[in-house]
Amino acid sequence: MRWRAPPGLGVAAMSYVAIDYLRHISPTWHARLQPALWSILALAAVIRVPFYKHWFSEFRAAIPFVASMLFMLSALLFEALSVRFVTAVLGLDWHRDTPPLPDTGQWLLLALNEKLPHVIVEILRARIIGLHHFLMLFMMLAFSVLFDSVEAPGLGLGARYMFTMAIGRLLRAISFVSTILPSARPWCATARFRVPAYPHHWAQKYYVPYASDANSIRQLIQWDIAYADTGKYLGDYQPDWGSMSFLIDYLRPTASEGSSWYSLLKKAGGGCNDLLYSGHMLVAVLTAMAWTEAYGGFSSALIWLFVMHSAQREIRERHHYTVDCVVAIYVGILLWKMTGYIWPVKDASRGRRLTKLEKIQGRLIQAAKDSDMDKVRELLEEVEIGSQESQNKGPNRAMWVFACATIFSALTIVLLAFTWTSDG
């Protein structure tokens, strides 16, 4: 039977999005209402902690949660390395001189600007929702286990979200590093990166001689060997990175960028190539999938509308080509469905309830035949109480420590995520 979620979460989520949009309409009211909203939500979560009945389920999900977080951080590190590599390997001159790819989705949006009413076009252009909104919406979903809005454990839901995100990020990095595509914003690399203007010696040997001449490409296909004489390669700056010096060929640092390899990765951001597929859209789709599966309702439909709105804005503002958003949508949906087969999404207490229900099945059927509703109610309460008693066995003090540590860590993660992604 589908989980019947109590109302409130959807209202809180839509209130958050609406209040955050006030930054574009009335910054004064935004500065007043946003801290008040977050304070109310944080206080409500803390107040609910003593009444939460599923801390043992959360404790069992803690190790998968931490493991998934480490997996996701590793995937993000690999992605950051890949972003820097595809930006640096061909040099700034290539980024500046290579035109964007033809994108029929961009053409369609420009045509709709001429056909649709001005009000509709302005709504499509509005920055209603961004990356940090989708992250916050998921965090609100995970926290809502405290209010029985979604099924426990919340850490289990968070672990699945990060695990799926990590797989998606790895697949994304493998995709965009396999074939380097020009950015839809040709000025981006020059404005954001300080990599050398000329190609890396790998590209000087294997790409540049065969980039535009048809006869050279035909001979390359026929001989299947890099036959062109490129002369002496242009060298790169070689900092002393110690044990991390093997990254120099991939990151191509310059003297003006400092001596730390880590600082280069922090500057990678979203990159300035076309990164197939869109990472922003992957986050949006995974949030919508998690919301639909765990909570459902009218708010899920609104979140999917936000996903579509975010997709057309990515294309309209040329952060991505249309193909990046389309691929991200179906990859996100398929990945979430796939992890549903290998990830425990239900509370273990359901199994205990079923076991208890099997034991009293005969008495329950007899009570139903006798139309003894009081007896039926008593037996069902016995099932629920038995399930709760099995959860409440154990070191209560340890569970209190775990509960406090979990809430503190989760609120800290929320604060950091909001701070680091508030600019989208």
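Helices (H or I, at least four residues) are DSSP runs, numbered from the N terminus. Axes are lines fitted to C-alpha atoms, for helices over the stretch in contact, and angles run from 0 to 180 degrees between N-to-C directions. This is a predicted model: local features need pLDDT of at least 70, side-chain atom pairs count only at pLDDT 80 or more, and totals for chains, interfaces and linings use all residues. Residues are numbered from 1 along each chain as its sequence is written, and side-chain values use heavy atoms, with hydrogens and water left out.

Helix 8 packs on helix 14 at an angle of about 150°, and their axes are 11 Å apart. The two are therefore roughly antiparallel (the class for angles over 145 degrees). Their crossing is right-handed (the near helix is turned clockwise from the far one by less than a right angle). On the helix 8 side, the contact (heavy atoms within 4.5 Å) uses Leu157, Arg160, Tyr161, Thr164, Met165, Gly168, Arg169 and Arg172. Helix 14 supplies Gly279, Leu282, Val283, Leu286, Thr287, Glu293 and Ala294. By class, this contact has seven nonpolar, four polar and four charged residues. Here Ala, Val, Leu, Ile, Met, Phe, Trp, Tyr, Cys and Pro count as nonpolar, Asp, Glu, Lys and Arg as charged, and the others, Gly among them, as polar.

## Helix 8 against helix 16

Helix 8 (residues 154-178) also packs with helix 16 (residues 322-342). The angle is about 130° and the axes lie 10 Å apart.

From helix 8 come Leu157, Arg160, Tyr161, Phe163, Thr164, Ile167, Gly168 and Leu171. They meet Leu335, Trp336, Met338, Thr339, Gly340 and Ile342 in helix 16. The contact has nine nonpolar, four polar and one charged residues.

## Helix 5 against helix 15

Helix 5 (residues 104-115) and helix 15 (residues 298-316) pack at about 100°, with axes 9 Å apart. That makes them roughly perpendicular (65 to 115 degrees). Gly105, Gln106, Leu109 and Asn113 of helix 5 touch Gln312, Ile315 and Arg316 of helix 15. This contact divides into two nonpolar, four polar and one charged.

## Backbone in two loops

The peptide bond from Leu276 to Tyr277 is cis, with omega near 10°. Tyr277 sits in the loop between helix 13 (261-266) and helix 14 (279-294).

Asp148 has phi near 60°, a positive value in a residue other than glycine. Its place is the loop between helix 7 (131-143) and helix 8.

## Cavity

A cavity is a set of points, on a 1 Å grid over the protein atoms alone, where a 1.4 Å probe fits but cannot get out. Grid points are joined across faces, edges and corners, and a volume is the space filled by probe spheres set on the points. The count is one cavity of 30 Å³ or more.

The largest cavity has a volume of about 40 Å³. Trp94, His95, Thr98, Pro182, Ser183, Arg185 and Pro186 line this cavity (lining residues have an atom within 4 Å of a point). By class, the lining has three nonpolar, three polar and one charged residues.

Definitions and conventions
On a 1 Å grid over the protein atoms alone, a cavity is a set of points where a 1.4 Å probe fits but cannot get out, and a pocket is an open set with protein on both sides within 12 Å along at least five of seven lines; lining residues have an atom within 4 Å of a point. Angles under 35 degrees count as roughly parallel, over 145 as roughly antiparallel, 65 to 115 as roughly perpendicular and the rest as oblique.
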